[in-house]
Amino acid sequence: MRRLMAARSVAIVGASERPEAQSGFVLRNLRDTGFTGRVLPVHPTARRIYGHPAAPSLSALGEVPDVVVVSIPAAGAGAVVAEAAGLGIRAAVVLGSGFGEAGEAGRRMQATMAADARAAGMALCGPNCVGLYNLRERVALFSSRLAPGLPVGDVAVISHSGATAIGMAHNGRLALSHVVSAGNAAVTDVADYLGYFAASGEARVVALLLEQIADPPGFARAMAKAHEAGIVVVAMRSGRSIRGAAATAAHTGALAGSNEAFRAFFRRHGVIEADDLDTVMETCVLAAARRAPARPGLAAIGISGGGLAHLADLAESAGVALADLGDRTRAALGELLPAYVHPANPLDLTGIVFGDPARYARALDLLAGDPAVGQIAVLQDAPRGIDAAGAAEYQGFINAIAGYGTGRDVPLAVLSLLSGGMHPDVEAPLTAAGLPVLRGGSAAMAAIAGMLAVAPAHIATELVAPDPFWRARLAGGAPLTERETKLFLAAHGIAVTREALATDADMAARLAAEFAAPVALKIESPDIQHKTEAGGIRLGVMGAEAVRSAYGEIITAARLHAPTARIAGVLVQEMVTGGTEALVGLSRAAPFGLTLTVGPGGVLVELLGGHALEVLPLDQAAAERLIGSSRLAPLLAGFRGQAPGDRTALAALLCRISAVAQAYDWLIEALDLNPVAVLPEGQGAKVLDALLIRPVNVTTG
């Protein structure tokens, strides 16, 4: 990675002085950005290119460069990478298109090239990319024009999209350490770049502009290293909508996964997720200026009551809690400000600070001293269209705000509700003081929300070893019936209903009598997964004759619904009354594998909605948070006078399902537990119905 990211010698295959050529851009960028290493053009006939001696091939160079830039058509690029690998070159940038994004033939070429690179331990940027630019080391392996004098700092941009990388590089508001256009990322991907920045210390903020996460475990490990290094990571993912996912597949050959699963994965690993580029930008500006707040709680201050009211609306929409100021803070603000100014949060200082800027500075000090405040947001609009005299009217209290500085325990950000930003004369003292100046109310508040919430989850889970019997049963044979699925769950410590299989009506009556209460009767067939639609369920059946009659009705209905289905009999099951019905499910979401969902269950699943999803694994604390984020939480709290449900038992059940999912991952396509009866507090949770679906093509690993 060091040879790729900070090369001291660069070979360029396909080197050309043609202005429009990709290699021409690379050569000019290396020259114009002040690269001090060796430039080694490779061209079959040219003697010199841009003043550098050219060689006819890589092997004719007479040395092993740190990196080779491959700027020839896709059909020949793989051979160049193979040649480079044979020569011991450990890094490459493949600029050309026509690989995995271009159909089956391109995918085969990309796979072969990637295999050659991996076998040689080669880092490879691309293909189908613009390249990379290390501003700190002035290494511009970049096949698009770079504006001179881009500010150098500690914000790195990694983008699968080349055009987006170019846009971020030239936005004018970020001081950059690196810009990476990863393209198809056939070998070196986001996790590798993140790991490099964590190890090298060359970036404090990383913006990820993603179209895929090809290696979730590798990404998770890289994020852990990034957090250890104090790096803030903000990500925007393209392809979240149906049309967006289709565009992504056409662009890079990547398949978009479940949006909810991506959000859960980002939360789990402390990635600040942004919905748009504006939010990426404001988060980077905010994060580059200082560290994350030490505690939650936002205090908002300004000179516009209407603007502050709108800011409060934006905070609520973004999930940012406005701090409840303490009595001492309110009293001190009351003494500082005129009687007509109400000491509250948000705090409207009114126009009094135009004539007395010191009051602004004192108010900021009082807010910073309140133990409930973790972040201060100063709301200030000063439109760019005002004249110099108008801008000068702000200078007194703007200087007071700038005097707050950046070394405080409670960080301060200045934001404008208008995305166009402030008048330069008003903004200059703030940026000179190191304060972040954010543009656009929604994006700015989303950035603040992300910085207040960023923290990776630490999950401690207990794994279960797969049982050889159940591993073999899941790997082959007929689909599992409900009864078998419950036996599988019970074997792994999950509470299920008492039940037994009846093969005739008299046997069903005898079994029902053993339960001495109303029973549920359900068709038992590996070929009928949705029993309600088949008329295969009767609930609350009591008495021998009623049970016999129900048995016959179920068998008849099932045969009419599925004449060729294999029918083993009817399941006689205890009826569980009381409690709250929940749904617990496992489902696959690319690229993360099995994910877990919880929410309201029973017949109202689709109507009530409000289900929450989490990536695996879960521990008790994570399971509690998952339940709390679903619409099930208020139902378990004792909705409309009902007894509170045993939420702790449900969380324990979720943890156990998580462990089972990990133990049998490749043998489970989906698991639907609906309903799960969450009984009153202290009485546990019990699975009433279960459906396990195996992958279509099951192998034994």
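Which strands does helix 22 (residues 544–561) lie across, and at about what angle does helix 22 run to strand 21?

Author: This is a predicted model, in which local features need pLDDT of at least 70 and side-chain atom pairs count only at pLDDT 80 or more, while totals for chains, interfaces and linings use all residues. Residues are numbered from 1 along each chain as its sequence is written, and side-chain values use heavy atoms, with hydrogens and water left out. Helix 22 lies across strand 20, strand 21, strand 22 and strand 23, and runs at about 30° to strand 21. Helices (H or I, at least four residues) and strands (E, at least two) are DSSP runs, numbered from the N terminus. Angles run from 0 to 180 degrees between N-to-C directions, with axes fitted as lines to C-alpha atoms, for helices over the stretch in contact; contact means heavy atoms within 4.5 Å.

The 4 strands form an open sheet in the order 20-23-21-22, with antiparallel pairing. Two strands pair if DSSP finds at least two bridges between them. At the edges are strand 20 (499–502) and strand 22 (537–541), each of which pairs on one side only. On average, neighbouring strands of this sheet are turned by 25° against each other, direction ignored.

Within the sheet, strand 21 (residues 519–524) and strand 23 (residues 569–574) run antiparallel and are joined by 6 bridges. Here valine 519 stands opposite glutamate 574 of strand 23. Helix 21 (residues 505–515) also packs on the sheet: helix 21 touches strand 20, strand 21 and strand 23, and its direction makes about 165° with that of strand 20.
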